[in-house]
Amino acid sequence: MEVQAHTTPESRQALRKYLRDRRMTTSIHQTITMQTLNDLEEALRLLQGVQHPSESWVGEIEAYLDRRLAQRPRHQGTPLPGLAEEG
């Protein structure tokens, strides 16, 4: 691995460009994620208000919403040893 004691204008410019591009990419991903979550919340609100003459559709929608809204987030991973123990 090469170690540089001093930076050059080119290396500083390359670093600035990298950080700017990285910040832009992160911002785009955050925007897409937020918009997707907003769209999903709006879809759930619309599904909850559906009044359709076919009783089978209403039953399917209610069953779907019950499954989706009743689920608790799953814990992934394991706790650190001693974390769950009372002292």
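Predicted model: local features only at pLDDT ≥ 70, side-chain atom pairs only at ≥ 80, totals over all residues.
## A first look at the helices, salt bridges and surface patches

Glu 42 has a relative accessible area of 34%, so this residue counts as partly exposed. Glu 42 has a partner: its side chain meets that of Arg 45 in a salt bridge, with 2.8 Å from N to O. Arg 45 is partly exposed as well, at 48% relative accessibility. Both Glu 42 and Arg 45 belong to helix α1, where they sit three residues apart, or about one turn of the helix.

Why might two such side chains meet? Side chains of opposite charge can pair when their charged atoms come close.

How many salt bridges does the structure hold? There are two. Asp 21 is partly exposed, with 37% relative accessibility, and Lys 17 is partly exposed at 45%.

| Salt bridge | N to O distance |
|---|---|
| Glu 42 and Arg 45 | 2.8 Å |

Now for the wider setting. Helix α1 covers residues 9–48, and the protein's secondary structure comes to two helices and zero strands. How much of the protein is buried? Of its 87 residues, buried ones make up 3%. The protein exposes about 8,800 Å², and 56% of that area is supplied by carbon and sulfur atoms.

The surface also carries patches. Which residues form the positive one? Arg 12, Arg 16, Arg 20 and Arg 23 do. Let us take Arg 23 as an example: this residue lies in helix α1. Is Arg 23 buried or exposed? Its relative accessible area is 58%, and exposed means over 50%, so Arg 23 is exposed.

A nonpolar patch is found on the surface as well, formed by Leu 15, Tyr 18 and Leu 19. Together these three residues have about 320 Å² of accessible area. One of them, Leu 15, lies in helix α1.

Key. Residues numbered from 1 in each chain as written. Heavy atoms only, no water. Patch = residues over 30% accessible without salt bridge, like charges linked within 9 Å, V, L, I, M, F, W, Y side chains within 5 Å. Areas by Shrake-Rupley, 256 points an atom, 1.4 Å probe, with all protein chains shown as cover. Salt bridge = Lys/Arg side-chain N within 4 Å of Asp/Glu carboxyl O. Helix = DSSP H or I, 4+ residues; strand = E, 2+ residues; numbered from the N terminus. Lys, Arg positive; Asp, Glu negative; His and termini not counted. Charge placed at Lys NZ, Arg CZ, Asp CG, Glu CD. Buried < 20%, exposed > 50% of the residue type's maximum accessible area, 1.4 Å probe, protein only.
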